[in-house]
Amino acid sequence: MRLGYSLLLGEHVAAEDVGYGDCAAFQIVCPSCGEALLKRIRRNPTLNHHLAHFPTTQSHASKCELRVAGASSSQMATADAIGRGQQLAIFQRVFRPYFAREIAMMEPALNAEAITQHASIMLRRASYRQFCRAVRDYLRTADPATLDEYWNISTDSLAAMSPFRRRRQEGFAHDFFSHLLAPNSLQSLAFAISLASLVFEFKLRIDTTAPTGLTRDVFVATLKIILHGTDKALGGFLERCREPDIRTTLESLLRGLAGSIIFTLMCLPYLDMLKDGRTS
Ligand SMILES: [Zn+2]
């Protein structure tokens, strides 16, 4: 058949999009009977991608073919839209522990529990939430091209993915990033910014190759206020942000934070998150 249904995504997938290994990874089943499918490519007369039942369940395969072919595309579009809504709901639910774990894996000196705790302290400050709103406004209005360098990353784990899986991985990361910039996602965005700031501070502290001088000092001082300053200190800083030199530093800081968040989003184990969220 030309279409399978991914239990993990809660969405229909086209046979030509998926590779051999994707059927198991995405739990692709027959949309009619729910049996697992496998990918096949017939080479004659022309290249023909399809998804097939395993030989042991072949008996009802032709009935399934007919039912799947007969399903209306609007029914499927509705099911897929619901599926994507569920994906987002699951990601929202498990986002924090996975994001913290990913950061702790990248920087072993940072402990997932400790940074989560620090984030919750930061989130209590009204001035920090105000800062996060400013970050959101900046990211929503910034030219998307300024973030391209962060999106076009290559890591070993991305390179090892099948083309279908990689497209989905990038899609999840983009979707979740847009979600973070939505008006009612401030808590999640604030959490991500706090962790990204801690990583940034950690890197600036150990990276001796970073440029020294005024810029670096201003950077370090700015991060210190955001991460550890009192509500009053951060509030005062935000007041002064209209001054051109602070504005420039702030913008490069915001870009760096966005880069760190994007990098982490690109590395999140979305399939594990979906499995986790669908079983818990
Ligand atoms: Zn079937």
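Tutor: Helix 5 and helix 9 are roughly perpendicular to each other. That label covers angles from 65 to 115 degrees; under 35 counts as roughly parallel, over 145 as roughly antiparallel, and the rest as oblique. Here the axes cross at roughly 95° and come within 10 Å. Two packed helices are described by the angle between their axes and the distance between the axes. Each axis is a line fitted to C-alpha atoms over the stretch in contact, and the angle, from 0 to 180 degrees, is taken between N-to-C directions.

A word on the source. This is a predicted model, where local features need pLDDT of at least 70, side-chain atom pairs count only at pLDDT 80 or more, and totals for chains, interfaces and linings use all residues. Residues are numbered from 1 along each chain as its sequence is written.

Now place the pair. Helix 5 covers residues 126-141, and helix 9 covers residues 186-206. Helices are DSSP runs of H or I with at least four residues, strands are E runs of at least two, and both are numbered from the N terminus.

Look at the contact itself. Helix 5 brings Tyr128, Arg129, Cys132, Arg133, Val135 and Arg136. Helix 9 answers with Leu186, Leu189, Ala190 and Ile193. By class, this contact has seven nonpolar, no polar and three charged residues. Nonpolar means Ala, Val, Leu, Ile, Met, Phe, Trp, Tyr, Cys and Pro; charged means Asp, Glu, Lys and Arg; the others, Gly among them, are polar. Two residues are in contact if their C-beta atoms, placed from the backbone, lie within 7 Å.

Stay on helix 9 for one more residue. Lys203 is found there. Lys203 is partly exposed, because 13 other C-beta atoms lie within 10 Å. Buried takes 20 or more such atoms within 10 Å, exposed 12 or fewer, and partly exposed falls in between, with C-beta atoms placed from the backbone. Glu170 is 33 residues from Lys203 along the chain, and their C-alpha atoms are separated by 25 Å.

Step back to the whole chain. The protein chain has 13 helices and five strands. Of its 280 residues, 26% count as buried. The C-alpha trace spans about 70 × 35 × 35 Å along its principal axes.

The domain assignment, automatic or from a database, gives domain 1 (3-71) and domain 2 (85-279). Their C-alpha centres lie 38 Å apart. Nine residues from domain 1 and nine residues from domain 2 make the contact. On the domain 1 side, four are nonpolar, three polar and two charged.

Three of them form an open sheet in the order 2-1-3, with antiparallel pairing. Strand 2 (11-14) and strand 3 (28-29) are the edge strands, each pairing on one side only. Two strands pair if DSSP finds at least two bridges between them. Strand 1 (residues 3-6) joins strand 3 over two bridges, and Ser6 has Ile28 as its bridge partner. Strand 4 (residues 37-42) and strand 5 (residues 48-53) run antiparallel, joined by six bridges. They form a hairpin with five residues between them. Arg40 has His50 in strand 5 as its bridge partner.
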